[in-house]
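Please set out a short briefing on the model shown below.

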Amino acid sequence: MINSDNSKIPEEIASEVLEVASRMYAEANNSYSLENLKQAGKEVSIPPELIEQAIREVREKHQRQEVERQQYQEKQRILTQVGLGVTGFLIIWGVFIYNSVTNQRQNVNGAWAQVENQMQRRADLIPNLVTVTNAQAKQEKDIIQLLVKSRESYLQANSIPEKIAASNQISTVIQQLNQYATTNQQIQSSQAFTDLKYELAGTENRIATERQRYNQAVQVYNQSRQTFPNILISSLFNFPEQPYFQAEDKTVPKVRIP
């Protein structure tokens, strides 16, 4: 029981009354002195040593909370530094992979440019071949028309697959013309046709060489863009797969990739 000048407070609400009174007193005075707490303790029959112990425990609790707060802030600082480090590493790694795949794609483009140079050279020879053949083999209009048509298809092609298909068609038609020429003495006796035949043969050999180099560059690029983690960068920056230069017609030798 708690003694009071006016009345007695039941024990079951004593703690609640003390808490409310303490809060009201704190609001009025903003703080307690040790003597105030001891005096309040006397009024509710709390020994002074328990008041002092309670103060120590409260202070220790606040100290622990402060230490925990500092530790939490330190962990957050470390996590932030680690996050920045990982982000920086990923950026550097991404740039490295991007540059690597870009260089490989440039190698493909450069190799294709060499192929295209030789195919263009062959296409430029076709008008002369048509002129000579037309003069020497007037009955073979079909082959001449195929030559003209295949050259036009190549010149109108815009994409690599279209150019490859047109190039294969040109190779097939030229082979058909060579086969016909072996049975036509009039064409064989033409020095102009013979000269063009040698030029075309040399061009075909150069095309085959550049085609092989192109396919090798495509193989390196396509394999690189599909490996992990390069595929992440390839997908993110839209690095498309490049087509191989494969001769589709059976009469045209296929290039093997070592």
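Lysine 163 touches Trp112, Glu116, Met119, Tyr154 and Ala157, leaving out residues up to four places away in sequence; contact means heavy atoms within 4.5 Å. This is a predicted model, in which local features need pLDDT of at least 70 and side-chain atom pairs count only at pLDDT 80 or more, while totals for chains, interfaces and linings use all residues. Residues are numbered from 1 along each chain as its sequence is written, and side-chain values use heavy atoms, with hydrogens and water left out.

**Lysine 163**
- Lysine 163 belongs to helix H5 (residues 160-181); helices are DSSP runs of H or I with at least four residues, numbered from the N terminus.
- With a relative accessible area of 12%, lysine 163 is buried (buried is under 20% relative accessible area, exposed over 50% and partly exposed in between, with a 1.4 Å probe and protein chains only).
- Its charged end sits over the ring of tyrosine 154, 4.9 Å from the ring centre; the criterion is NZ of Lys or CZ of Arg within 6 Å of the ring centre and within 35 degrees of the ring normal.
- A distance of 9.1 Å separates the C-alpha atoms of lysine 163 and methionine 119, which are 44 residues apart along the chain.

**Helix H4**
- Helix H4 (residues 141-156) has 16 residues and reaches 22 Å from its first C-alpha to its last, close to the 22 Å expected at 1.5 Å a residue (the expected span is 1.5 Å times one less than the number of residues).
- Ile143, Ile144, Leu147, Ser150 and Tyr154 are buried in H4.
- Those buried residues fall within an arc of 130° seen down the axis of H4, so they line one face of the helix; the arc is that of the directions from the helix axis to the C-beta atoms.
- Asp142, Gln145, Lys149 and Gln156, on the other side of H4, are exposed.

**Aromatic pairs**
- The whole structure holds four aromatic pairs (rings of Phe, Tyr and Trp, the last by its six-membered ring, with centres within 6.5 Å; planes under 30 degrees apart are stacked, over 60 edge-to-face and the rest tilted).
- The ring centres of tryptophan 112 and phenylalanine 245 are 6.1 Å apart and the planes are at 55°, so the pair is tilted.
- Tryptophan 112 lies in helix H3 (residues 48-136) and phenylalanine 245 in the segment after helix H8 (230-236), so the pair ties together parts 133 residues apart in sequence.
- Both tryptophan 112 and phenylalanine 245 are buried.
- The charged end of arginine 211 sits over the ring of phenylalanine 245, 5.2 Å from its centre.

How values were computed. Helices (H or I, at least four residues) and strands (E, at least two) are DSSP runs, numbered from the N terminus.
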